[in-house]
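This report describes selected local features of a single protein model. Please consult the sequence and coordinates shown below while reading.

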Amino acid sequence: MQIYDYRHELIELLENTSSDQQSLRQTLQSLNTVINILNHYEDTKSSTSFQRPKQFSHSESKATRPAPRIRQASHSSLLTGPAHEVTTSSLKRPVTPEPVTVEKFSQEERLAADDLYLVHRKLSGAEINHHYYSEALIHSLHFPLEDGDIVQLDPQQTVRGLPSIRRVAADHLDGYKPEKIEVIEYAELSSVPGSDVLQISSTLKGNSILDESSANTIVIDPFKFPGRSLKAGMVIDYAYFDHGNGLEDAKNGSIRWIHEKQDFDTTKQPAKPKQVKKPVHPRHDYEKKLDYDLKQRIVLLITGDRERSQELKAVVDKHHGIYHALDASMEDKVSSSKMKREIRDADFVVVCIDKIHHRISQLANHHAKRYEKPLAIANTTTNTAVERAIARALNGDPAYAQTSEDMANYQEK
């Protein structure tokens with residue numbers, strides 16, 4: 001019998017074998033198959049250089065004969081060393097592949113590979129990747145942070161020794177139930193007669209649990225907040241965990257933010273007015289301040305009260321300005337890019353904070369600073385408050401009214 005010249009196929013097989021384990025296993029199986037075929041046709045006669053094998057009589061059963069020993073390809077014989085002898089019975093055993101261990105990663109570990117981490121919002125500040133971010137750091141962002149958000153950190157850029165927060169991602173952690181935190185915004189501290197403690201009983205925006213009833217008050221003990229120098233007249237944001245118990249939950253909250261002192265501090269004693277000579281034609285400073293000309297410059301008004309749009313347009317027209325409005329009555333309809341375009345095209349920006357979300361005023365303040373646009377805050381959506389806010393933006397005055405008394409005067413009768 002003539003044996004087929006298989007050398008070229010074996011050479012090609014070995015040349016196409018790579019160094020990874022799967023390829024080596026496949027080649028090994030192929031070589032074993034070739035050996036099995038060759039052994040099937042192998043001449044049973046021994047070479048003359050070897051001792052003649054023992055002859056068996058016909059009376060001996062085939063089952064008692066030892067199995068012929070042949071060479072089988074293996075890792076050691078074909079790849080690294082000499083072959084070892086095995087019986088033909090072992091050739092028929094299937095090759096069991098080695099189990100492949102697949103390393104499992106949690107969702108948080110997969111997110112961390114892209115510098116994405118879960119936000120654990122606190123009453124004040126937040127915990128991100130086992131680091132505490134103060135409320136001052138969070139307040140400086142141009143986007144809000146809620147409990148359960150996924151943010152991307154920038155380890156190459158740090159703020160106060162912490163990785164900076166680049167953005168809020170669209171991802172959410174499966175199975176995480178965020179805590180519901182309510183925030184009472186722009187609440188003014190007032191003194192409690194005959195006591196050292198303070199209280200909040202209403203807000204400038206008029207949309208909190210305190211504004212639902214005159215009996216709803218929350219006591220603030222200044223000794224629980226050392227270093228903050230709390231006193232009557234300050235305007236704060238107050239946060240609490242909402243478990244559905246109303247005011248009882250609110251009483252267990254904490255101060256989240258204290259607004260700029262120069263904007264709301266009414267405890268400062270006014271300086272004594274200097275004696276000046278009255279002009280020949282006296283005119284009240286209040287009226288003089290409102291006698292301004294916008295000279296066809298654009299005033300962007302951001303408000304949540306669409307019904308007052310035409311009235312507020314008349315205020316801008318009265319001072320020879322061009323009126324632009326941004327409807328912020330629905331928070332989810334106001335994107336950062338849309339607000340950026342509107343503010344970029346305007347000359348002055350006025351934000352009415354009584355009927356909009358705090359995020360909207362934060363975005364407006366961020367983009368106004370970015371494009372160096374004068375911005376003023378109107379505490380109510382009224383003609384008088386907007387008119388004075390435009391005057392402050394025009395004259396470069398503080399964004400907010402100076403005192404609570406002025407805020408009250410801005411209300412329309």
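## Basis of the report

The model discussed here is predicted.

## Helices H10 and H13

Helix H10 spans residues 309-318 and helix H13 spans residues 383-395; their axes come within 10 Å and cross at roughly 40°. The two helices are therefore oblique to each other, since an angle under 35 degrees would be needed for a roughly parallel pair. The crossing in which H10 passes H13 is right-handed.

On the H10 side, the contact is formed by Glu-311, Leu-312, Val-315, Val-316 and Lys-318. H13 contributes Asn-383, Val-386, Glu-387 and Ile-390. Sorted by class, the contact of H10 with H13 comprises 5 nonpolar, 1 polar and 3 charged residues.

## Helices H11 and H12

Helix H11, residues 336-345, packs with helix H12, residues 358-370, at an angle of about 45°, and the axes are 10 Å apart. This angle makes H11 oblique to H12. Their crossing is right-handed.

From H11, the residues Ser-336, Met-339, Lys-340 and Ile-343 take part in the contact. They meet Ile-360, Leu-363, Ala-364, His-367, Ala-368 and Arg-370 of H12. By class, the contact of H11 with H12 holds 6 nonpolar, 2 polar and 2 charged residues.

## Asn-216

Asn-216 lies in the loop that runs between strand S10 (198-200) and strand S11 (218-220). Its relative accessible area is 15%, so Asn-216 counts as buried, the cut-off being under 20%.

## Ser-190

Ser-190 is located in strand S9, which covers residues 190-191. With a relative accessibility of 24%, Ser-190 is classed as partly exposed, because that class lies between the limits of 20% and 50%.

Apart from neighbours within four places in sequence, the contacts of Ser-190 are Leu-198, Gln-199 and Ala-232. Ser-190 and Ser-202 are separated by 12 residues in sequence, and the distance between their C-alpha atoms is 9.8 Å.

Conventions: Residues numbered from 1 in each chain as written. Predicted model: local features only at pLDDT ≥ 70, side-chain atom pairs only at ≥ 80, totals over all residues. Heavy atoms only, no water. Axes fitted to C-alpha atoms, helices over the stretch in contact; angles between N-to-C directions. Helix = DSSP H or I, 4+ residues; strand = E, 2+ residues; numbered from the N terminus. Parallel < 35°, antiparallel > 145°, perpendicular 65-115°, else oblique. Left-handed = near helix turned anticlockwise from the far one by under 90°. Contact = heavy atoms within 4.5 Å. Nonpolar A, V, L, I, M, F, W, Y, C, P; charged D, E, K, R; others polar. Buried < 20%, exposed > 50% of the residue type's maximum accessible area, 1.4 Å probe, protein only.
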